[in-house]
Structure formats: C-alpha cells, structure tokens
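Please examine the sequence and the model below.

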Amino acid sequence: MINRLPRSCLAAPGRRDQLLARAGLYHLIAQGITYPDAGHAIHIQSATRDLLEAAAQGALPRPIEPALREVLRAWRTAELAALRAEYSRLFLGSGLVPLREGGYGDAMRFAGQPADIADLNGFYLAFGFELSGSPPDHLGTEAEFVSLLHLKAQWALVRGRPREVRLAEHALGRFLEAHLGRWTTALQGALQDARAMAPYATLAAVLRTAVETDCFRLRVKPIALGRDNHFASIADEALVCPFANGDHQDP
C-alpha cells in the first residue's frame with residue numbers, strides 16, 4: 001500500500017507532460033489488443049510515433065523508448081490477415097493466452113474471482129469509469145482505467161489541485177498493486193510460451209515496462225501471479241450430467 005507519495009510525483013519538471021504521455025502509453029496497449037480491423041496497424045504505428053516523440057523529450061522513462069521502437073518495427077510489417085489469424089489463435093475462445101486477470105494465479109485465486117471483480121468495479125465506480133462491454137478484469141479495461149487515472153492526475157495538476165493529484169496517484173498505486181501489476185509478467189510469459197508474433201509480444205513488453213516503472217515511482221510492490229490458465233482448463237473439461245446415460249435408478 002502507499003503510505004505517502006514521493007515529492008517527485010507532484011513537483012517534477014514536465015510532470016504534466018509525463019502524465020499525459022503515460023496515459024497515451026496505456027491507451028496504446030488497450031487499443032493494440034483489440035481485434036484488428038482494416039486500419040488497426042496504421043493507428044498503432046501513429047500512436048507509437050507520438051509516444052516516441054514524447055519519450056525523446058523526456059516525458060517517458062528511458063527503458064520505454066527502445067521497447068516502443070520494437071513495437072513500431074513490428075507493426076510496420078504486420079499484415080491484416082496475419083494479425084487476425086494470430087489474434088484468434090492467441091486470444092479467442094479457449095485461446096493460448098488469457099486476456100483477463102482471472103485467467104492467472106492458482107486455484108484459490110480463481111475461486112476468489114468474484115471478490116476481485118467486485119474490487120475492480122469499486123475502483124471503476126469511484127472514478128466514473130464506464131465499461132464498454134469488456135469484462136472488468138480484461139486487459140483492455142484495466143489498461144484504459146490506468147490511462148484514465150493518469151489523465152485525472154494531469155487534469156488536477158493543470159488546475160492546481162494537489163489533493164486530487166494525490167487521490168488519483170494513490171488510486172493508481174493501489175490498482176497496480178492489487179490488479180494490473182500482478183499479472184503483466186505472467187501475460188508476457190504466456191505470450192512467449194505461445195510464440196506470439198512480434199506485434200503482440202512487443203506490446204506486452206511495453207506494458208510490463210510501463211507497469212514496472214509506475215510501480216517503482218509509486219513505491220508499490222505487487223505480488224506476481226502465476227501463468228495457470230484456468231479459463232482454458234475449464235473450457236477443456238466437459239460438464240456431463242451423471243444421470244445422462246440412464247444408469248440412475250430411483251431408490
């Protein structure tokens with residue numbers, strides 16, 4: 001948990017630009033893991049170039065810039081048909097890589113998923129974040145919420161409201177510690193195990209770096225979840241009625 005925010009969170013030069021760039025970074029992740037349409041690759045390239053420009057001006061931590069260059073390189077050569085096929089292989093149905101927080105961790109973690117969903121919804125409600133149809137624990141949902149928190153902190157900073165800056169940053173730290181920060185490493189590992197194409201593998205690398213630098217800045221240390229894919233294991237198990245074969249006899 002966050003006890004007190006570092007002074008650098010409020011008073012560092014260019015802090016507004018940093019918050020805005022970080023908001024764009026998480027938005028890039030959320031957009032990158034949607035099902036690719038005709039203009040998808042072009043949009044990702046454009047957003048990545050904007051972020052590289054921000055990084056060159058010092059608005060993003062240094063480790064993020066080379067990771068963004070890898071994203072740009074991967075998406076420049078990505079073809080729509082290949083992206084769609086890879087997205088389906090990795091993420092759709094009982095795909096190889098869960099895009100939901102509840103797909104990672106041990107069985108006890110999965111059993112406690114309703115509490116996790118309730119906690120996520122509590123965060124979203126507190127900051128007026130409306131779901132767009134994706135589950136509360138979906139990567140796109142969580143990344144967009146983190147983007148929103150950065151925007152709220154930036155908005156408060158511009159208007160000279162330090163208390164609201166602290167509130168947004170405190171919520172960000174708690175959210176990373178309890179949710180998104182716990183499964184980004186497992187997600188990247190699952191993509192590596194699945195031999196994911198470069199466009200998705202590089203996005204995961206950017207996400208992990210972004211989360212790690214935010215956690216360091218906010219002094220939080222999430223407990224990492226494992227890579228057990230509970231959604232896939234459940235989907236693979238046939239649920240059969242024990243009386244379906246007609247062997248049941250009334251007493």
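What volume does the largest cavity have? In this predicted model, the largest cavity has a volume of about 50 Å³. The count of cavities of 30 Å³ or more comes to one. Its lining is made up of Ile 29, Ile 33, Phe 91, Leu 139, Leu 187, Leu 191, Tyr 200, Leu 203, Ala 204 and Leu 207. Two elements, helix H9 (162–193) and helix H10 (198–218), each give two or more residues to this lining. The largest share, four residues, comes from H10. By residue class, the lining holds 10 nonpolar residues, with no polar and no charged ones.

The charged side chains form the second topic. Side chains of opposite charge can pair when their charged atoms come close. The structure holds 10 salt bridges. In one of them, Arg 15 pairs with Glu 169, with the closest N and O atoms 2.4 Å apart. Because Arg 15 lies in helix H2 (residues 15–32) and Glu 169 in helix H9, the pair ties together parts that are 154 residues apart in sequence. Arg 15 and Glu 169 are both buried.

Another salt bridge joins Glu 212 to Arg 208, at 2.9 Å from N to O. Both residues lie in helix H10, four residues apart, about one turn of the helix. Glu 212 has a relative accessible area of 42% and is therefore partly exposed; Arg 208, at 29%, is also partly exposed. Salt bridges that share partners also join Arg 15, Arg 22, Glu 169, Asp 214 and Arg 217 into one network.

A further salt bridge links Glu 164 and Arg 161, whose closest N and O atoms are 3.8 Å apart. Glu 164 counts as partly exposed because its relative accessibility is 33%, and Arg 161 counts as partly exposed at 35%.

Notes
Residues numbered from 1 in each chain as written. Predicted model: local features only at pLDDT ≥ 70, side-chain atom pairs only at ≥ 80, totals over all residues. Heavy atoms only, no water. 1 Å grid on protein atoms, 1.4 Å probe; cavity = no way out; pocket = protein on both sides within 12 Å on 5 of 7 lines; lining within 4 Å. Points joined across faces, edges and corners; volume = space filled by probe spheres on them. Nonpolar A, V, L, I, M, F, W, Y, C, P; charged D, E, K, R; others polar. Salt bridge = Lys/Arg side-chain N within 4 Å of Asp/Glu carboxyl O. Buried < 20%, exposed > 50% of the residue type's maximum accessible area, 1.4 Å probe, protein only.
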